[in-house]
Structure formats: C-alpha cells, structure tokens
Amino acid sequence: MRVLGVDPGLTRCGIGVVEGVAGRPLTMLGVGVVRTPSDAELGHRLVAIERGIEEWLDEHRPEYVAVERVFAQHNVRTVMGTAQASAVAMLCASRRGIPVALHTPSEVKAAVTGSGRADKAQIGAMVTRLLRLDAPPKPADAADALALAICHIWRAPALNRLQQAHAAAAAARTPRIPRTAAAPVRKVPR
C-alpha cells in the first residue's frame with residue numbers, strides 16, 4: 001500500500017509518501033514541504049499548494065491520501081488556513097479518484113508513538129525509527145506527514161473490516177422486496 005500523508009498548512013504543508021503493509025517494515029519514498037509566502041494573497045497560496053500536491057501525486061502515484069483532520073484551536077485564523085489547505089489536498093486526491101482518509105492528531109500520535117499526547121520530538125523520533133532513517137525529517141510538518149501515512153497503513157485493514165461489517169449489518173436490516181412481474185401501467189382519465 002502506498003500512502004501520501006498530508007499535514008495541511010498554508011505556510012508549510014508537509015508531504016510524505018510511505019509504502020508498506022501493516023506488520024512489515026515500511027519504506028519512505030519521499031518527504032518534503034510545500035511552502036507559500038505568508039504575505040501572498042490567499043488564492044495564490046492555495047494554488048501553490050495545489051500545484052505542489054499535484055506534483056507529488058504525479059511522481060509517487062499513491063493508492064491513498066491521508067490528511068490530518070482539522071480540529072478546533074483557539075486561533076481561528078490558524079484553523080481556517082489549515083482547513084483550506086486540507087480541502088485542497090482532498091480535492092486533488094478526489095479529482096484523481098484516490099480515496100482520502102482523515103486522521104485526528106491524537107489518533108496519529110497514538111498509532112505512531114503509543115500515546116495520543118506525544119510531542120513533536122517524540123513523533124519525529126518514532127518516524128525516524130520506523131522508517132529506518134538517519135535523522136528525523138525537518139521541519140516537523142514533514143515528519144507529521146510521514147506519521148499520517150504510517151498511521152493510515154497500520155489502521156486501514158481494521159477500518160476496511162469495520163466498514164465491511166457496517167455495510168453487512170445495514171444490508172441485513174434492509175427488508176428485501178420480492179421481485180414480481182410489473183403490472184402494466186394504466187392511464188387514469190382526467
């Protein structure tokens with residue numbers, strides 16, 4: 001499974017590509033950051049993020065895209081920028097028919113470090129260890145993107161089984177209507 005992880009942000013949008021399956025060693029295929037100048041017009045920044053993500057999608061051809069789920073913070077401006085960059089990533093993937101998964105920061109931290117309250121240094125250290133890197137990816141946004149991809153690889157099999165179970169349960173609850181020959185349609189006089 002090849003996953004492109006996206007840690008959304010307007011100034012620095014972390015991107016990381018990881019390949020592997022749960023229970024086996026993982027391989028980093030690429031990591032980086034799409035940067036935009038903070039003094040640029042918002043529309044131009046979003047276009048730059050789109051172009052950057054499109055380049056990563058073209059180069060690495062992921063099967064899934066994992067994006068950090070936007071969560072409420074005290075700084076509304078930061079949340080808005082994160083949400084806008086997140087939407088661009090989801091749009092780019094969806095335009096190509098690539099499934100998108102959203103993971104909360106605490107979900108990613110717990111998957112990678114074992115604690116939903118891990119700090120940036122702990123995430124960087126575990127990403128370094130799990131991907132057998134010489135040093136933690138810099139900046140932290142890049143390490144976070146790799147952590148998102150790792151989280152998705154590890155959680156996808158369980159999520160797929162859960163979705164299949166929900167679909168089977170919903171199908172079992174839906175009453176089946178027997179198929180019969182259709183009666184001819186009669187016109188009713190007015």
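Strand β1 (residues 2–7) pairs with β2 in the antiparallel sense over six bridges, where strands are DSSP runs of E of at least two residues and helices are runs of H or I of at least four residues, numbered from the N terminus, and two strands pair if DSSP finds at least two bridges between them. The model is predicted, so that local features need pLDDT of at least 70 and side-chain atom pairs count only at pLDDT 80 or more, while totals for chains, interfaces and linings use all residues. Residues are numbered from 1 along each chain as its sequence is written, and side-chain values use heavy atoms, with hydrogens and water left out.

Four residues lie between β1 and β2, which form a hairpin. Strand β2 (residues 12–19) also runs antiparallel to strand β3 (residues 27–35), and six of the eight residues of β2 are buried, meaning under 20% relative accessible area with a 1.4 Å probe and protein chains only.

| Residue | Stands opposite |
|---|---|
| I15 | G32 in β3 |

The axes of helix α3 (residues 105–113) and helix α4 (residues 120–130), which are lines fitted to C-alpha atoms over the stretch in contact, come within 9 Å and cross at roughly 50°. In their contact (heavy atoms within 4.5 Å), K109, V112 and T113 of α3 meet Q122, I123, M126, V127 and L130 of α4.

Terms used:
Buried means under 20% relative accessible area, exposed over 50%, partly exposed in between (1.4 Å probe, protein chains only). Axes are lines fitted to C-alpha atoms, for helices over the stretch in contact, and angles run from 0 to 180 degrees between N-to-C directions.
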